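Thank you all for coming; I would like to walk through a few local features of one model, and I will take them one at a time.

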Amino acid sequence: MFSRIVLTCATAALALTLWSGAQAQMLDRVVAVINDEAISYRDVEARVRLALVSSNIPDSQEARQRVVPQVLRKMIDERLQVQEAQRLGIVLSNADVDGAIATVEQQSRMPRGALLSNLARQGVDPARVREQIRADLTWMRLVTRVIGPQIRIGEEEVNDRLQSLADRQGLREVRAAEIFLPVESPDQEAEARAMGERLQEGLRQGTSFQSLARQFSRSPTSSNGGLLGWVSQGMVDDEVAAVLETLDRGQTSQLVRTSSGFYLLQVLETRIIGQSVNAEDSTVTVARMTLPVPAGAPPKADLMERAFALTRNAKSCAEFDALATKAGAPLPPRQGPVRIGELPPELKGMVAGMAANQVGVPMDTPQGIVVPMVCSRQDAMVVSPPTAEQVRRQIEDERRDMLSRRYLRNLRRAAFIDVRM
């Protein structure tokens, strides 16, 4: 039996109940039943707290009204995924979950064990974190076992993709991430848009894209922080590809409405296939120390030598700042990240040949003696055209993603889902 549920009004009422906290006895009441398995108020409250804390969203009545529908839908999907895995005899060990937590900590540059302890200090039950991670890992393992054997990529398909790439030498590829909020019926339109706008506000306040993807994205990539990997035209939907084409490294899109729902997209890196390296396409962050030339100062040549002697041993821009303070000069301002080709001509030629944390040659300018330093550098990434085996894996990944979305959609359609208020 299948039941399609309209969650908007019901979950808004749930949000108000959870926010008030006045009826503790209701925490054990059932919010939803998924194939005879219950989700309680207590379950939802704990996951809402996790979502708010992980996403750096202030805990308020308005925030909960927007977050609860997405959290409940994600919890329902997770129950369906775990139930299907159990039916197929797929079980994860605690060691598997521990390993996934360690990976998240490593990616976030946290000490071992810091993730759960930090969340616990903010009122998040560590068991809920493990529950979510276990569900994500279980689905990934299920997809590998069930969908993997269904994927068959023929030589003709690989050759067609290789030819397409050969016809587009100089193609720009991006390493991208996504947050996907589906719109499966007209009544979900306003709710999904409002949630997307709230996530945009979180990004503007400094919340990481990956954290928001893990908590709110309904794409199979959510378990990996929304990471899509390296993509180009023809590898993702045309609507998504068109938006990615407009973004540079480090940029995030506006909320994008597609035929299936709303997307937020982020470009992490860019590269060009089959193109020679152009130093001007590299990006740098540059600091410039300005040493004023007072009246009656020694000749400029002497000042340039002194500036060089002062700065040449700096090993980082922090040391560079300290040297400026010691010399009585203003704190060196930063410029960038900026493409080298966009720097002023007098600086561009010098910086093109400089590595990160390298001091440049002092320059005589109307403002004084200026010494540049490259604080960071990201060289233009250039790769050879992919091999047949790489293309085969790309197509397999695309097919696996498409089939896993279909698999979950079929699980929803076949399930008995009852939301109780």
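This is a predicted model: local features need pLDDT of at least 70, side-chain atom pairs count only at pLDDT 80 or more; totals for chains, interfaces and linings use all residues.

Where is Asp36 found? Asp36 sits in the loop between S1 and S2, where strands, like helices, are DSSP runs numbered from the N terminus, with at least two residues (E) for a strand and at least four (H or I) for a helix. Residues are numbered from 1 along each chain as its sequence is written, and side-chain values use heavy atoms, with hydrogens and water left out.

Asp36 has a positive phi of about 75° although it is not a glycine, and Asp36 is exposed, with a relative accessible area of 74%. Asn35 belongs to the loop between strand S1 (30–34) and strand S2 (37–40), and its phi, near 50°, is likewise positive in a residue other than glycine. Asn35 is partly exposed, at 35% relative accessible area; here buried means under 20%, exposed over 50% and partly exposed in between, with a 1.4 Å probe and protein chains only.

Turning to another backbone feature, the peptide bond from Gly336 to Pro337 is cis, with omega near 5°, and Pro337 lies in strand S8, residues 334–339.

Finally, a helix pair: in H5, Leu116, Leu119 and Ala120 meet Pro126, Val129 and Arg130 in H6, contact meaning heavy atoms within 4.5 Å.
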